[in-house]
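Visitor: Please show me the model. I have a few questions about how it is put together.

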Number of protein chains: 2
Amino acid sequence: MGRWEPGASGRLREAALALYLEHGFEQTMVTDIADRAGVTARTFFRYFADKREVLFDGASEFAEKSLTALEAAPATASALEAVAAALDAAAEIIGRDPELARKRHAVITANADLRERELIKLAHMSAALADGLRRRGAGDTEASLAAETGSAVYRVAFQRWVDAADDLDLRDAVSQSFAQLRTLTASN
Amino acid sequence: MGRWEPGASGRLREAALALYLEHGFEQTMVTDIADRAGVTARTFFRYFADKREVLFDGASEFAEKSLTALEAAPATASALEAVAAALDAAAEIIGRDPELARKRHAVITANADLRERELIKLAHMSAALADGLRRRGAGDTEASLAAETGSAVYRVAFQRWVDAADDLDLRDAVSQSFAQLRTLTASN
């Protein structure tokens, strides 16, 4: 799909994020996005179901890659180590394009509905990781606890990365947050 | 307020939960709730802004008591110890009425909008705890990490408590989850 318009989906995404940041998500129409990207609204709908989808269409790749990494963790890995492997894979994807990730985050932060949707997406991701851990033989509570804690670590690391002025790597930020969690719990 | 109708708010809450469980949240009208509680719809609105409020009006007491406990934790307490004190206070409130808590949870679990609202409420609570930790002098990331991790521990403990056939105490469930988190991170 879209072979006849190379880069249209990338141009649309860039145009959408720029407009959401300039005028707000609510105020931006699909036709505005298409205009700025130099395509028709029909082309927009070839790539995205609606204007919200531009922000969330990466979620399935994100979830799938994380789960694959969780499943690929050695059988000897602890539940939290397996989650760490999953989040490292997630960080690798998101960290590939820091500018896109930061703009997306700024758009989402500015809008209550989008913040809610992001929360729900992360909750689903955490539930999927917990299920993956159960399939690896983790106990029910252990699986939930490792997945929920891992998600917490990821969210905090992501925020630190987004706010960082320097060129912190997202994968490093995640592994540093895991280390900090160990310090916190050890001193408790 | 309501001195002339002793127990009306409790009767309304009980009637609402029973109807939400029997017919679903969407299908239940305020007049149904008032009828079952033996009061008028006008009385309902003296206590609750709408039918959703019946499920969420405890959130402010919950957040306030938790924050007070966090602030009351000794200055020598670690960030995670202070969060544990906050969650113990929260568990004390919620655990007072297990039947109410379980019914409320069943209603919320059955409805996507309510699940979202609950997620948002918990995210606000976590953000408030992180702010409280910063006021106690915790570093920015440390505060977020302790608050988010604590919320994860609480959610997992709450789910275990709701599912428990025996008469597990919610405060015990929370402290057991904290202990399990220490085990998980120590072995990682």
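Predicted model: local features only at pLDDT ≥ 70, side-chain atom pairs only at ≥ 80, totals over all residues.

Visitor: How far does helix α8 of chain B reach from its first C-alpha to its last?
Guide: The helix runs over residues 112-135, which is 24 residues. At 1.5 Å a residue, 34 Å is expected. The model comes close to that, with 35 Å.

Visitor: Which elements do the buried residues of α8(B) pack against?
Guide: The buried residues are M125(B), S126(B), L129(B), A130(B), G132(B) and L133(B). In an α-helix, residues three or four places apart point the same way, because a turn takes 3.6 residues. The partners of the buried residues of α8(B) are all in chain B: α5 (59-72), α6 (79-95) and α9 (140-163).

Visitor: What kind of axis relates the two copies?
Guide: A 180° rotation puts chain B on chain A, with 0.0 Å of shift along the axis and an RMSD of 0.0 Å. The copies are therefore related as by a two-fold rotation axis.

Visitor: Which residue of chain B comes closest to the rotation axis?
Guide: The distance is taken at the C-alpha, and it is 2.7 Å. The residue is T149(B).

Visitor: Why do the copies meet through the same surface?
Guide: Compare the interface residues of chain B with those in chain A. The copies share a surface because the fraction of chain B interface residues that are also interface residues in chain A is 100%.

Definitions and conventions:
Residues numbered from 1 in each chain as written. Chains lettered and ligands numbered in written order. Helix = DSSP H or I, 4+ residues; strand = E, 2+ residues; numbered from the N terminus. Expected span 1.5 Å × (residues − 1). Buried ≥ 20, exposed ≤ 12 C-beta atoms within 10 Å, placed from the backbone. Contact = placed C-beta atoms within 7 Å. Least-squares fit on C-alpha atoms with pLDDT ≥ 70 in both.
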